[in-house]
Amino acid sequence: MTAPRSYWLPSAWALGWTSALGLAFFAIPWPYVDVVNVLRDATSWGWQDSIRNAFSRDIEYRPLFTLGVKAAYQIVGLRLWLYQALVLLQFAAVLALLIWLFRPMSGRRAIAACLALSCVVGLHSTRILFGFWPLNHHSGGLVLLLLATALALDPRTRPRDWIYFPLTLAALLLLESGLLIAPLLAILWWVEAPGTSTRGVLSAVGGLVLYLGIRLGFGTMGGSLGIYTSSGLGFSDVNPESLRNIFEHAPWLFWSYNVVATFLTVLFSEPRAGVYRFVQSLLHGETPLWQWIQVGSSALTTAVVVVALFVARPASARDRLLLVVGVTLIVFGSALGFLYTRDRIALSAGVGYAVVLYVTIARLLEGDGLRRPE
């Protein structure tokens with residue numbers, strides 16, 4: 001089977017973005033300290049000790065990432081361009097999976113897909129996809145999340161939906177964002193997505209349960225739910241000690257602040273990492289042009305999405321499912337940031353925002369789904 005001609009435009013658009021960003025990606029200097037630290041952790045021991053160390057971590061429990069870096073180093077050594085190429089390939093895979101998810105079957109939907117892809121590229125949370133450790137577990141985790149989502153919308157997956165078990169387990173052992181897969185599949189099953197069934201949901205839950213068993217059995221949970229790192233609060237970054245003093249008797253207030261901050265940064269690009277930098281610059285009368293463009297474009301896009309949701313009906317069952325996917329990723333992706341705020345934590349929520357944008361822009365461009373006043 002060949003892809004419809006309407007796929008050509010978003011595919012070329014994605015290739016253009018990947019090429020443009022790739023040129024810059026291969027030209028910038030690398031944070032050598034981060035590379036050395038990760039490689040040192042992954043290569044200081046033999047395989048037996050490395051496996052024991054990877055599965056006995058505390059807060060950042062990412063054994064597949066640690067072991068993946070060790071395996072990659074033993075295969076390719078310090079050929080950094082190979083790691084760079086892999087990071088760029090993962091970014092291209094993210095855009096390709098989004099196109100597969102969108103399925104733009106007309107010229108107008110192809111335009112909507114291009115706008116949604118541009119949104120993904122332009123969001124500040126997406127910059128983490130080009131982080132270099134040297135493997136990028138953030139883009140790897142997003143690839144697995146989008147793969148699970150695309151499979152859930154494909155009826156051909158239903159006879160083989162046991163695949164959600166290893167997929168969920170792998171995503172969780174790679175990065176904490178894999179937690180999104182189980183609730184997302186459960187919600188898609190509830191709204192009768194064609195690629196899900198009770199067995200599929202139970203498979204994903206089984207992967208989650210096994211992950212918890214591994215982490216509780218081999219890891220050290222310690223202060224995982226405590227305040228252990230700095231985080232943005234109001235108009236400044238606050239160190240862990242100050243945060244513990246402020247929220248000693250009501251940590252849920254701090255968690256709520258972080259969730260709301262992550263949610264708002266996707267919709268309005270403000271706050272950034274929990275700090276209301278744009279508002280602060282307005283108060284000081286020193287707002288640079290780039291902040292006006294960033295916050296203004298985000299607010300305008302969000303306004304268009306909200307208006308479109310009120311005036312345009314979803315055209316098909318797939319559009320409704322995509323809206324469910326987008327809203328679920330925004331809500332649960334924002335909840336991932338409850339411990340502390342960083343731009344990168346909003347990655348999954350930002351992708352969900354782009355999915356909602358695709359559906360709403362497609363309906364506005366097609367026009368035949370607009371609600372008529374009675």
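Colleague: Which residues form the nonpolar patch on the surface, and how much accessible area do they have together?
Modeller: This is a predicted model, and a patch here takes residues with over 30% relative accessible area and no salt bridge, joining like charges within 9 Å and nonpolar side chains (Val, Leu, Ile, Met, Phe, Trp, Tyr) within 5 Å. The areas come from Shrake-Rupley with a 1.4 Å probe, and for residues only the protein chains shown count as cover. The patch is made of Leu 300, Val 304, Val 306, Val 307, Leu 309, Phe 310, Val 311 and Leu 364, and together they have about 680 Å².

Colleague: What is the mean pLDDT of the chain?
Modeller: Residues are numbered from 1 along each chain as its sequence is written, and side-chain values use heavy atoms, with hydrogens and water left out. Since we're on a predicted model, local features need pLDDT of at least 70 and side-chain atom pairs count only at pLDDT 80 or more, while totals for chains, interfaces and linings use all residues. pLDDT itself is the predictor's confidence in each residue, from 0 to 100. Here 92% of the residues reach 70 or more, and the chain mean is 88.

Colleague: Which element has the lowest mean pLDDT?
Modeller: Helices (H or I, at least four residues) and strands (E, at least two) are DSSP runs, numbered from the N terminus. At the top is helix α9 (residues 181-190), with a mean of 96.

Colleague: How many salt bridges does a search of the whole structure find?
Modeller: The criterion is a side-chain nitrogen of Lys or Arg within 4 Å of a carboxyl oxygen of Asp or Glu. One of them pairs Asp 154 with Arg 156 at 2.7 Å, N to O; Asp 154 is buried at 5%, whereas Arg 156 is exposed at 56%. The whole-structure count is eleven.

Colleague: How many residues apart are Arg 277 and Asp 237?
Modeller: Their side chains meet in a salt bridge at 3.5 Å, N to O. The pair links distant parts of the chain, with Arg 277 in helix α13, Asp 237 in strand β2, and a separation of 40 residues.

Colleague: Is Asp 319 buried or exposed, and which residues is it in contact with?
Modeller: Asp 319 sits in helix α15 and is buried, with a relative accessible area of 2%. Contact means heavy atoms within 4.5 Å. Leaving aside neighbours within four places in sequence, the contacts of Asp 319 are Arg 109, Pro 314, Val 359 and Arg 363.

Colleague: How far is the sulfur of Cys 114 from the closest cysteine sulfur?
Modeller: A disulfide needs two cysteine sulfur atoms within 2.5 Å, and the search finds zero disulfides. Cys 114 is buried at 7%, and Cys 119, in helix α6, is buried too at 14%. The closest sulfur to that of Cys 114 is in Cys 119, too far for a bond at 13 Å.

Colleague: Which residues does Cys 119 touch?
Modeller: Tyr 276 is 157 residues away in sequence and 21 Å away in space, C-alpha to C-alpha. Not counting residues up to four places away in sequence, Cys 119 touches Tyr 353, Ala 354 and Leu 357.

Colleague: Which peptide bond is cis?
Modeller: Most peptide bonds are trans, and most residues other than glycine have a negative phi. Pro 271 lies in the loop between α12 and α13. With omega near 5°, the cis bond runs from Glu 270 to Pro 271.

Colleague: What is the phi of Glu 192?
Modeller: Glu 192 is in the loop between α9 and α10 and is exposed at 68%. Although Glu 192 is not a glycine, its phi is positive, about 65°.

How values were computed:
Buried < 20%, exposed > 50% of the residue type's maximum accessible area, 1.4 Å probe, protein only.
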